[in-house]
Amino acid sequence: MRVFSVKTVVTRDDLRKHLKYPFRLDGDAEKLTVRYSYSPKKYEGADSYALARAAFEEAYPEGVEPSREDIEAELPLNNHLTLSLEREGALVGTAHRHEPVAEYHVSASDASPGFSPTAVEKGEWAVVLSAHAVLDEKLTATIEVEAE
Amino acid sequence: MNDAVYYPFELHCHTLHSDGAFTPRELVKAAAERGLRGIALTDHNTATGNAEALRAGEEFGIVVIPGTEWTTFYGHITVLGGRSDIDWRSVTPANAADKTARAVALGDVAVLAHPYRVGYPVCTGGRSEFPEEIFDALTGYEVFSGLLSDPTNLRAREEYLGLTAAGKKLSALYGRDWHGPGSNNGYGVTMLGISGTLNAENALEAIRRGRTAVADGCGNTIIITPWQA
C-alpha cells in the first residue's frame, strides 16, 4: 500500500542542503519500499567545460596545467541527489549511489545495501534527499513509499 | 624500542553498499590477491558492508578494519574502527573538528581523505573546505590519493609536510579510493608498523602512533610519518 508520494523540484538554491520529506505510518508493516528518481542526471550546459576546468585549477598546484583530455574525461557533469531514510529522527541508512532511479527496502530482518535492518513500526518516518550536485536550474524528483 | 613490523594496507575502499562495484567479499578477495595484509572498508556514509567484509577477512586471512567515509558537501573524512556512529549529515565546517574529536574519543581513527582532489562540480566535497581546527582532531592525512602521479597529491604532500613541521600529529597515509576491479598499476599502499599480533586494533594503533609510511606498488617508500609516539 502506498503510504507517501511526492513530486518535487530541487533548485540550485538547494545545493548542499538535506531536503526532508516526512511521512507517518499509521500502522506496523513487514516491509517498507522506497522508490526515487530525479532528472536530468547529466548536465548539458554550454559552460560544462569551463566549470570543470575551474574545479581542476582550484585543486592543481601552481604551475601545473590540467590537460584538456583530463578535463573532458569528467564530462558530462552530473547532478547528484542521494537518498537517506529516517525513523523517529534517527538515520536508518543512506544510499550514496549515482543512479538517478532506484528502489530500496527495509524490514526487521533485511535491508538494501546502505540501510540497516529496521522494524517497520508505526510512527514518524522521513525520506531525505541530499543535494550533492545541482547544476541545472531545477531538477524534478519523485519519491514513492510503499508499506506491506 | 620499536619492534614494529610493517605490513601493506589499503585504507580507503568502497563496495556496492555505496557506489563501489565490489561486494564486500569481492573487495577482500581482491585485496588478498593483491598481497595486501589488510584493508579498511570506508563506504560513503554507511557502515552496512562491514559485517560481510569482516567475515571475508577471516575467510581470506587478511585484516579488515570496519569503517565509513563521511562524504559531506564540504570534505571527506574516513573514520576507521567502527566504534562511533555519527550521522554524516550532521558534519559541517563549523563542527567538523568537534565531530572528528568525538569519533576519535570513542576509539576510532579519523583521516582527512584526498584533501586536494578536484572538487565541485566534478567531485562534491572532494577538495576539503574544513577549517584548520580539523588538523588538531584528525589522526591521519591522505598524503597520496588515487594514482600516485595525480598532480593534486603534490599539494597534499606540501600541506602535510607543513602541518607536521608545525607539530600536528598526523600520520602519513595513502588512500586508493578503491571502487572496483581494474589494473593496480600506479597505485600505492599504506605501510603500517604493527607491534604484536597483526589485527585491526593493532593496525589502528599503528596509525595513532605515527608508525606509517606510504609506498608505491613495488614497495618503494615515498613518505614516512616524521614523528612517532
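Q: What covers the buried residues of α1 in chain A?
A: In this predicted model, the cover over the buried residues of α1(A) includes α2 (68-72) and β5 (77-78) of chain A, and it also includes α5 (152-165) of chain B.

Q: Which residues of α1(A) are the buried ones?
A: They are A:A52, A:A55, A:F56 and A:A59.

Q: And why do those line one face of the helix?
A: Looking down the axis of α1(A), the buried residues fall within an arc of 100°, so they line one face of the helix. As background, an α-helix has 3.6 residues a turn, so residues three or four places apart point the same way.

Q: How long is α1(A), and what span would be expected?
A: Helix α1(A) covers residues 48-59, which is twelve residues, and its first and last C-alpha atoms are 17 Å apart, close to the 16 Å expected at 1.5 Å a residue.

Q: Where is A:E65, then?
A: A:E65 sits in the loop between α1 and α2 of chain A.

Q: Buried or exposed?
A: A:E65 is exposed, because 10 other C-beta atoms lie within 10 Å, and the cut-off for calling a residue exposed is 12 or fewer.

Q: How far is A:E65 from A:E30?
A: The two are 35 residues apart in sequence, while their C-alpha atoms are 56 Å apart in space.

Q: Zooming out, how is chain A divided into domains?
A: Domain 1 of chain A takes in 2-41 + 79-147, and domain 2 takes in 43-78. The centres of these two domains, taken over C-alpha atoms, are separated by 31 Å, and the contact takes seven residues from domain 1 and four residues from domain 2.

Q: What's the order of elements in chain A?
A: Chain A has two helices and ten strands, and from the N terminus on they run β-β-β-β-α-α-β-β-β-β-β-β.

Q: Is chain A compact or spread out?
A: Chain A is more spread out than a compact globule, because its radius of gyration is 18 Å, well over the 15 Å that the globule rule gives for 148 residues. Along its principal axes, the C-alpha trace of chain A spans about 60 × 25 × 20 Å, and buried residues make up 32% of the 148 residues.

Q: Switching over: how does the radius of gyration of chain B sit against a compact globule?
A: For chain B the value is 16 Å, which agrees with the figure near 17 Å that a compact globule of 229 residues would have. The C-alpha trace of chain B spans about 40 × 40 × 35 Å along its principal axes, and 57% of the 229 residues are buried.

Q: How many helices and strands in chain B?
A: There are six helices and eleven strands in chain B.

Q: What share of the contacts in chain B join residues at least 24 apart?
A: Counting contacts between residues at least 6 apart in sequence, 69% of those in chain B join residues at least 24 apart. For chain A, counted over contacts between residues at least 6 apart, the figure is 73%.

Q: OK, α3 in chain B: which residues are buried?
A: Helix α3(B), residues 96-105, has B:A96, B:K99, B:T100 and B:A103 as its buried residues. Seen down the helix axis, the buried residues of α3(B) fall within an arc of 100°, so they line one face of the helix.

Q: What covers them, and what follows the helix?
A: The cover over the buried residues of α3(B) includes β5 (75-80), β6 (109-112) and α4 (134-137) of chain B. After α3(B) comes B:G107, which has a positive phi, near 110°.

Q: How do β10 and β11 of chain B run?
A: Strands β10(B) (residues 212-216) and β11(B) (residues 221-224) run antiparallel and are joined by three bridges, with B:A213 standing opposite B:I224. The two strands form a hairpin with four residues between them, and B:G219 in the turn has a positive phi of about 95°.

Q: Last one: where is B:L147, and what does it touch?
A: B:L147 lies in the loop between β7 (140-145) and α5 of chain B. Leaving aside residues up to four places away in sequence, B:L147 touches B:G186 and B:Y187. B:L147 is partly exposed, with 14 other C-beta atoms within 10 Å, and its C-alpha is 22 Å from that of B:I207, which is 60 residues away in sequence.

How values were computed: Residues numbered from 1 in each chain as written. Chains lettered and ligands numbered in written order. Predicted model: local features only at pLDDT ≥ 70, side-chain atom pairs only at ≥ 80, totals over all residues. Expected span 1.5 Å × (residues − 1). Buried ≥ 20, exposed ≤ 12 C-beta atoms within 10 Å, placed from the backbone. Arc of directions from axis to C-beta. Contact = placed C-beta atoms within 7 Å. Pairing = 2+ DSSP bridges. Rg over C-alpha atoms; globule rule 2.2 N^0.38 Å. Domains from an automatic or database assignment.
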